[in-house]
Amino acid sequence: MPHSLVLNLLPRSTIPASHLSGRHLHALFLDLVRSQNPTLSELLHKQTTEKAFTLSPLQTQSRILQYQHQHAIATSTPCWWRISLLDDALFGQLAHLWLNLSPKQPWHLGAADLNVTSILGTAQSNQPWAGFSSYHQLHEQASDYDRQIKFQFCTPTTFRVTQYDSALPTKELVFQSLLRRWNQYSGISFSEAILEPIFPSYFDIRTEIAIDSRSKLIGCVGEVTFAILGSVEPETIRQINALANFAMYAGVGRKTPMGMGMVRRR
């Protein structure tokens, strides 16, 4: 069952802009896991295949995602941070953590201290990034007739092609990224053949640079619409729509555990 948890945070000291990178947030997540299960934290750190979690950049606004911070975040500025978990077993191993986080316990983001004041596990009117659904529900409740799939690429998204990065979200790169994660974690295997009738129909994208202290990556943000064309079985349409709905949890492309590749369907 994929989960999308939103942690509401309150900085107890100023967070320097240089400590808001994906690398620092990745370290904070591993610290949270380590507090519950040190062995699991080490396993997640070393995992080289499709990772079982994604992280958002730190946010100070409710709806428009920020993927770069030019300035420090002041003490007591309300913030939120999204953690998605793709693996049922991982969520279960961390259940005690989510249920017992004390709002008084300090956590460290770089040199800054912050508190986790609350955790949202279900979608709210002012917080659409929280939610959960079983893989069975994602499959069974997906439309078997909707042929338009409109994606919003909310944070810079890039893909590994041979030994280089590509920021162009082709249907192969977008849907194969989703298909790999779906087949790895859902227990409901889809064939790569379902991707054949998908074609791009509309683009409104631009490139943005995602920078942290170790790397500079170019990714795309904006809107892309794909269409399912031709004579296609309803079950194939359902599976494609299930993958599209799964994007909110899985993201697409590289470095989704560092805040890149946050995508949702519109």
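This is a predicted model: local features need pLDDT of at least 70, side-chain atom pairs count only at pLDDT 80 or more; totals for chains, interfaces and linings use all residues.
Start with I198. Its bridge partner in β11 is I228. β10 and β11, residues 216-228, are joined by 13 bridges and run antiparallel.

Now the sheet around them. Four strands form an open sheet, and the order is β10-β11-β7-β12. The pairing is antiparallel. Which strands stand at the edges? They are β10, residues 198-211, and β12, residues 263-265. Each has a single partner strand, so one side of each is left without a neighbour in the sheet. How are neighbouring strands turned against each other? On average by 15°, direction ignored.

Next, the helices on this sheet. Helix α5 covers residues 171-185. It lies across β7, which is 148-157, and also across β10 and β11. Against β7, helix α5 runs at about 85°. Then there is helix α6, residues 234-250, which packs on the sheet too. Helix α6 touches β7, β10, β11 and β12. Its direction makes about 130° with that of β12.

The largest pocket has a volume of about 680 Å³. It is lined by 27 residues, and the closest to its centre are K51, R254, K255, T256 and P257. Which elements each supply at least two residues of that lining? They are α1 at 22-36, β8 at 159-161, and our helix α5 again. α1 gives the most, with six residues.

How many cavities of 30 Å³ or more does a search of the whole structure find? One. About 30 Å³ of space lies in the largest cavity. Its lining runs through T54, L55, R82, G251, T256, M260, G261 and M262. By class, that lining divides into four polar residues, three nonpolar and one charged. Look at T256 on your screen. T256 lines the largest cavity, and T256 is also among the residues closest to the centre of the largest pocket.

To recap the sheet: β10 and β12 are at the edges, and helix α6 touches each of the strands β7, β10, β11 and β12.

Methods
Residues are numbered from 1 along each chain as its sequence is written. Side-chain values use heavy atoms; hydrogens and water are left out. On a 1 Å grid over the protein atoms alone, a cavity is a set of points where a 1.4 Å probe fits but cannot get out, and a pocket is an open set with protein on both sides within 12 Å along at least five of seven lines; lining residues have an atom within 4 Å of a point. Grid points are joined across faces, edges and corners, and a volume is the space filled by probe spheres set on the points. Ala, Val, Leu, Ile, Met, Phe, Trp, Tyr, Cys and Pro count as nonpolar, Asp, Glu, Lys and Arg as charged, and the others, Gly among them, as polar. Two strands pair if DSSP finds at least two bridges between them. Axes are lines fitted to C-alpha atoms, for helices over the stretch in contact, and angles run from 0 to 180 degrees between N-to-C directions. Contact means heavy atoms within 4.5 Å.
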